[in-house]
Every structure is written in structure tokens, then in C-alpha cells.
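Take a walk through this fold, from its overall build to one helix and then to its pockets.

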Amino acid sequence: MSDDTGISEALGALADGEVVDLSQTLEEGVPAVPTHARYSHTLYESYERGDVACHYRLTLGEHTGTHMDAPLHFIAEGDAHYDIASVPLERLVGRAATIDVTDVEANSTVSAERIAEWEEDHGELEAGDRVLFQFGWDRHWATGSDGDQYLTDWPGLSEEAAAYLTDAGVALVGCDTAAIDVAHDESFPAHYELLGNETYIVENLTNLADLPPFSLLVTLPLKIEDGSGSPIRAVAVVD
């Protein structure tokens, strides 16, 4: 296949497919774990004040809203100790598998066996795939105190499940919860397993229920030197 043919096919898929927004909207009061910076949006110039243009100052953390974790977020040394600006671009666009785990209860984890069962029904995961876990937790996302449940007792990925994915050579793992590790597990086994094997993590996704078992996923972070992560605009293209 020529390069021109491949580009034409990719453009055709975009033209014919539906683009699904998987990103939470950034607005003041969105959920943030207690140790992370809060989001604010401050008006600096406006037409009403006589300015020629309008612009706002953003104050936010690297892990605000829908975001990606770079390996150095948890990996202190070694080959996997690198920033978000160093994540290879080819790892950020490609096939994604979406696994429905909405029956997993609060403060519980997805097992490796559950992923294997999904593969039996839909096909094996391939090296370089992305895997998204639809817990349905985004139903709790809200601003202010209305979003407190989002930050309480969310489910997550077990260490064994994380190892299953790294053994498969998965490029990225995403979830619609505040973190890929289950709430209150401060040993962060999934973070260490995934990031230590250069499998990137995307958290605070939404609309995963709108995705089929496989789709095309795009997750582009800001190019932040020494960044432990970055907010992203995540989208999927489905047939």
C-alpha cells in the first residue's frame, strides 16, 4: 500500500465515521483529588472593559480533568522515567478496545480474567492497542459538592489485570474514573505496573458507553517539558 493510499483510507474513515468526544468539560468546581491543584478561569481582557480582545488566564494542574499520566508521574528512575513531552506520538493514536465493566462495584477491581473473557467474545488484544475501561463512573461527574461521589470509592484495575495488559504490549489504558487504581489504594499497583512498562494512563474520560468494542482513539497531551502529565482532548472515531 502506498503512503497516499493509506492517507486516503484514513481520511475516508474520518469522513465516514462518527467522532465521539471522550473529554470532560473544564469549568470551575470540577472534581480534583485532594492533593491536586484546582481549576480556575479568570477573565483578563474583555470587550465590555474596552479591550480589543477577550482572553482568560487558566490555572490548572497537569492532572486536571481528562488527562494523561506520563511515566515520571510515578516512576522515579530508569528507562521509564520520562516526561509527557517525550511520549512518542505514534503511541497516542490508534486502535482502542472498550471493555464494559459497569457491573464492577464501588471500591472493587477488574480482574485479569475479566479481560480474557472480553477477548473471547470480541477478539484478542494486540501489541500497541489502547484499552478503555467503562465503569460508568462518569455519571457522578459534577461541579462543587455535587461531584463528591465521583471522588469517593471509585472502582479500578487490579495489579494482575494491569500486568495482563503490559504482557500484551498495550500502549495505553484509560478509564472514566478519577484514577486507574481503585479508590484509597495508596500503594498504586496499577500505576506502577503500567507506567513502569511505559503503558500510559488516561483518566477522567467520559462517554465510553457510546463506543463499540473497537474504535480509533486520539489522545494528544500538551508538550510540557518535565511534565508529569497533561490535560488532553480525547476523541474516538467509530464506524
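The protein's secondary structure comprises 4 helices and 12 strands. These are DSSP runs, numbered from the N terminus: helices are H or I with at least four residues, strands are E with at least two. The radius of gyration is 18 Å, close to the 18 Å of the globule rule for 239 residues, so the protein is as compact as a globular protein of that length. That radius is taken over C-alpha atoms, and the rule is 2.2 Å times the number of residues to the power 0.38.

This is a predicted model, where local features need pLDDT of at least 70 and side-chain atom pairs count only at pLDDT 80 or more, while totals for chains, interfaces and linings use all residues. Residues are numbered from 1 along each chain as its sequence is written, and side-chain values use heavy atoms, with hydrogens and water left out.

The C-alpha atoms fill a box of roughly 60 × 50 × 35 Å along the principal axes. Of the 239 residues, 46% are buried (under 20% relative accessible area, 1.4 Å probe, protein chains only). Contacts are heavy atoms within 4.5 Å. Among those between residues at least 6 apart in sequence, 73% join residues at least 24 apart.

Now look at helix α4, residues 189-196. Here 6 of the 8 residues are buried, so α4 is largely enclosed by the rest of the structure. The buried ones are Pro189, Ala190, His191, Glu193, Leu194 and Leu195. Their cover includes strands β4 (67-69), β8 (156-157), β9 (172-175) and β10 (200-203), along with helix α3 (159-167). Just after α4, Glu198 takes a positive phi of about 60°.

Next, the pockets. A pocket is an open set of points on a 1 Å grid over the protein atoms alone, where a 1.4 Å probe fits, with protein on both sides within 12 Å along at least five of seven lines; lining residues have an atom within 4 Å of a point. Grid points are joined across faces, edges and corners, and volume is the space filled by probe spheres set on them.

The largest pocket has a volume of about 510 Å³. It is lined by 30 residues, and Val33, Thr35, Trp154, Ala179 and Phe188 are the closest to its centre. The second largest pocket has a volume of about 340 Å³. Of its 16 lining residues, Gln24, Leu26, Pro231, Ile232 and Arg233 are the closest to the centre. Strand β12 (residues 229-238) gives the largest share of this second lining, 3 residues.

Notes
Buried < 20%, exposed > 50% of the residue type's maximum accessible area, 1.4 Å probe, protein only.
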